[in-house]
Amino acid sequence: VLAHKSFLKRKKDVLYIFLLIFITFVSLFVIKNIALYFIIFIILKFALSYLYNYLDQYFIKITSESQIELHVRSHISYFIIANIIAPFYLSFFYDNIYLNISVFLLLLTFSFFFVSKYMTKDIRPRSEQKIDLKQDSLTINDWLFIIYAIVISVVIFSSASLIIYFVQDYYLMTDAKIKGGILLGLINIGTIFSIFLLGLAKKTPQTKRISIGHNLVAMLLLLVALLMFYLKLSVSFVYLSACGITAGIGYGLFLISTRNYASTVSIQCDRPQLLTAYNNTANSASLISFLIIFILSFPNSFSQREIE
């Protein structure tokens, strides 16, 4: 995502991008053509990613190094809470178009006034350099870090997207949609719990090295959760809930460690391109997860055709 150094410094620029987000969002409810739908959806994702990355870069620039860990924990906590609230809300009102548009407009209006109030002020960044999101080439270590973040995210996203089918077909449970939604909520609660525990722990100085300890514990917890899930040592929902909370705690440690590293390098080395690349790992992982599931669905479709 590229951004001009003066962009979002004027209220009309802020208004333009918020109008683009609102118009494309509303269009998704009325467009029937599948090709046009995906084009509008891509435009919406681009606008949201653009705004998200710019805001993130901005607040990183004006945040002192001692407050980076607090910024990271707050950022991830709000993100996870939104992931809990949104599916819960849509599970009851997903077909109420006018209500959904009204709620989105209300949230967008609140966000607009917040951004226009703070982003258009002439606040000097922590460093004397202007905010510039011009992308430079990433180092080999940067690419390895980004690939690592994408791979773990793909595993998490793929598993989460199939959770209802696992509950229904692998564990043979009734009310799979409800239990699958509860399980996703427990994963997010586990993530917030790990963030809370790290907040209580003794703070360590910010370094330009990724926390090996946090990542080892995160990988161990994720591996244990996946093994417990696939071994199916029990078919009770309590057992599944334990797997979900364990995975959530591991995922929280992973998010805190990787996000903290990307933010710290962005500040200490004045390299915003790494934070931009990290912010796009979720989009990349979502796309890869979709492609993997799409490819794996072919054998099943062919076998069903042969049976027919």
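This is a predicted model: local features need pLDDT of at least 70, side-chain atom pairs count only at pLDDT 80 or more; totals for chains, interfaces and linings use all residues.
Let me start with the fold. The chain has eleven helices and zero strands. From the N terminus on, the order is simply α-α-α-α-α-α-α-α-α-α-α. The chain has 308 residues, and 39% of them count as buried.

Now the core. How many residues does the largest nonpolar core have? It has 33. The residues with the most contacts inside this core are I76, F145, I146, F254, L255 and Y278. Which elements give two or more residues to it? They are α3 (68-93), α5, α7 (176-200), α8, α9 and α10 (272-279). Helix α9 provides the largest share, ten residues.

Stay with α9 for the salt bridge. The count for this model is one salt bridge. It joins the side chains of R259 and D56, at 2.5 Å from N to O. R259 is in helix α9 (residues 237-268), D56 is in helix α2 (residues 34-62), and 203 residues separate them. As background, side chains of opposite charge can pair when their charged atoms come close.

Next, aromatics. A search of the whole structure gives 17 aromatic pairs. I will show two. For orientation, a pair of aromatic rings is described by the distance of the centres and the angle of the planes.

Pair one is F25 with F104. This pair is stacked, with 3.7 Å centre to centre and 15 degrees between the planes. Here, too, distant parts of the chain are linked. F25 sits in helix α1 (residues 11-30) and F104 in helix α4 (residues 97-118), 79 residues apart. Why does F25 count as buried? Because its relative accessibility is 17%, and the cut-off for buried is under 20%. F104 has a relative accessible area of 19%, so F104 is buried by that cut-off.

Pair two is F166 with F229. This one is edge-to-face: 5.3 Å centre to centre, 80 degrees between the planes. F166 lies in helix α6 (residues 163-170) and F229 in helix α8 (residues 212-231), so the pair ties together parts 63 residues apart in sequence. Both F166 and F229 are buried.

F166, Y170, Y171, F229 and Y230 form one aromatic cluster.

For context, most residues other than glycine have a negative phi. Where is K232? In the loop between α8 and α9. K232 has a relative accessible area of 30% and is partly exposed.

L172 is another case. It has a positive phi of about 55 degrees, although it is not a glycine. L172 is found in the loop between α6 and α7. With a relative accessible area of 67%, L172 is exposed.

Last stop, the surface. Which helices each supply at least two residues of the patch? They are α5 (140-161) and α8. Helix α5 gives the most, four residues. L226 is in helix α8. L226 is partly exposed, with a relative accessible area of 30%.

Third, the nonpolar patch, with α5 giving the most residues.

Note on methods:
Residues are numbered from 1 along each chain as its sequence is written. Side-chain values use heavy atoms; hydrogens and water are left out. Rings of Phe, Tyr and Trp (its six-membered ring) pair if their centres lie within 6.5 Å; planes under 30 degrees apart count as stacked, over 60 as edge-to-face and the rest as tilted. Buried means under 20% relative accessible area, exposed over 50%, partly exposed in between (1.4 Å probe, protein chains only). A salt bridge is a side-chain nitrogen of Lys or Arg within 4 Å of a carboxyl oxygen of Asp or Glu. A nonpolar core is a set of buried Ala, Val, Leu, Ile, Met, Phe, Trp, Tyr and Cys residues joined through side-chain atoms within 4.5 Å.
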